[in-house]
Amino acid sequence: MDGSSAFPAETVELSRSSIRGSRRASNRSVPFIRTQSSGSADDSYAEVPVPLAKMQDTQGIRVLHVDDDPQIGELLQTFLERINDDFTVVTETSAVAAMDHLRESRIDCIVSDYQMPNMDGLEFLEIVRERYTDVPFILFTGQGSEEIASDAIAAGVTDYMQKETGTDQYEVLANRVENAVSQSRTEEQFWNALSWYQRLVEQEIAGVCIVQDREFAYVNQKLAEMFGYEQCELMGESPARITATDDQDWFSGQRESGEGDLESFDSTFTGVRADGERLTVEVSGGDVEYDGAPAWIGVLRVTDDRPDAGE
């Protein structure tokens, strides 16, 4: 079976701690996550298949710098672009001009001063977060205090950095910009993959099941229709219900330990519909966490080959 037809081999992976801290995670559910633990709960990883139309890699990093002092803007642009050839830095001297730039151009990261006339960096951050919830925002300021840092975190700042003397600070800033953009792009790919994965299940693109304790914990409508059942008739049943009696190794060998490396599988089995018709079924899947417990998920597809009828 070509894995790309139903359950792509490529995946995108994020640590659970990163997902929990993401603004995207605050209003999205995370269905059917394959997990791998390296010790503590914060060190475990969530993994989903990458859709066929993968997010196109974006070349370069476009940085919008906001500072009312044009000389500081020129200095920061010079050093950041010298440190990292992937950077393209544009400086605006007011928050209003910066918002106009955001509306007109793609920006990968904002670096903003705090003390500015008419609108300070925190006020600017709050406006940005109302319209551009996911763009990384680094507050780069000489007016550092615990209160400002606390307010920035509450407003959704990505990072906070105090200005210092000397040019070494630009090396640090460049590294923080690069890390923030990398994290943002990885999260975007992760959530795009989840969106694709939900469509696979909810729009009945393929038959999908989750097996836990050797019983169907979940089947989608497509799978039930493939075998001539209602969903409720298969829930709680063994996969043996849809499998020929002499061909049940495909599901009996799948482990649900939830430990060690993630396990994936591809198999072909002889399925049996409710009316007794036999079908050749291809299945791909792997370990999954479901309702907080180990299980495995399978994506099923009926092939054109039909074995002889009869049990």
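Trainee: Buried is under 20% relative accessible area, exposed over 50%, partly exposed in between (1.4 Å probe, protein chains only). Which residues of helix 4 are buried?

Mentor: This is a predicted model, where local features need pLDDT of at least 70, side-chain atom pairs count only at pLDDT 80 or more, and totals for chains, interfaces and linings use all residues. Residues are numbered from 1 along each chain as its sequence is written, and side-chain values use heavy atoms, leaving out hydrogens and water. In helix 4 (residues 121–131), Gly 121, Leu 122, Phe 124, Leu 125, Val 128 and Arg 129 are buried.

Trainee: Why are they on the same side of helix 4?

Mentor: Because they cover an arc of only 155° around the axis, taken from the directions from the helix axis to the C-beta atoms. Glu 130 and Arg 131, on the other side of helix 4, are exposed.

Trainee: How are the helices and strands numbered?

Mentor: From the N terminus, as DSSP runs: H or I of at least four residues for helices, E of at least two for strands.

Trainee: And what covers the buried residues of helix 4?

Mentor: The cover includes strand 4 (61–66), helix 3 (95–104), strand 6 (109–112), strand 7 (137–141) and helix 5 (146–154). Contact there means heavy atoms within 4.5 Å.

Trainee: On to the sheet. What is the order of its strands?

Mentor: It is an open sheet of five strands, ordered 5-4-6-7-8, with parallel pairing. Two strands pair if DSSP finds at least two bridges between them. Strand 5 (87–92) and strand 8 (159–162) are the edge strands, each pairing on one side only. From one strand to the next, the twist averages 20°.

Trainee: What does helix 2 touch?

Mentor: Helix 2 (residues 70–83) packs on the sheet and touches strand 4, strand 5, strand 6 and strand 7. Its direction makes about 175° with that of strand 5; axes are lines fitted to C-alpha atoms, for helices over the stretch in contact, and angles run from 0 to 180 degrees between N-to-C directions.

Trainee: How many bridges pair strand 4 and strand 5?

Mentor: Six, in the parallel sense. Ile 61 stands opposite Phe 87 in strand 5. With helix 2, strand 4 and strand 5 make a right-handed β-α-β unit: with the strands pointing away from the viewer, the path from the first strand over the helix to the second runs clockwise.

Trainee: Which residue is the bridge partner of Val 63 in strand 6?

Mentor: Cys 109. Strand 4 and strand 6 run parallel and are joined by four bridges. Three bridges join strand 6 to strand 7, again parallel, and Val 111 has Ile 138 as its bridge partner in strand 7. The chain gets from strand 6 to strand 7 through helix 4, in a right-handed β-α-β crossover.

Trainee: Different topic. Where is Asp 213?

Mentor: In the loop between strand 9 (207–212) and strand 10 (215–219).

Trainee: Buried or exposed?

Mentor: Asp 213 is exposed, at a relative accessible area of 63%.

Trainee: And what is the phi of Arg 214?

Mentor: Positive, about 65°, although Arg 214 is not a glycine. Arg 214 also lies in the loop between strand 9 and strand 10.
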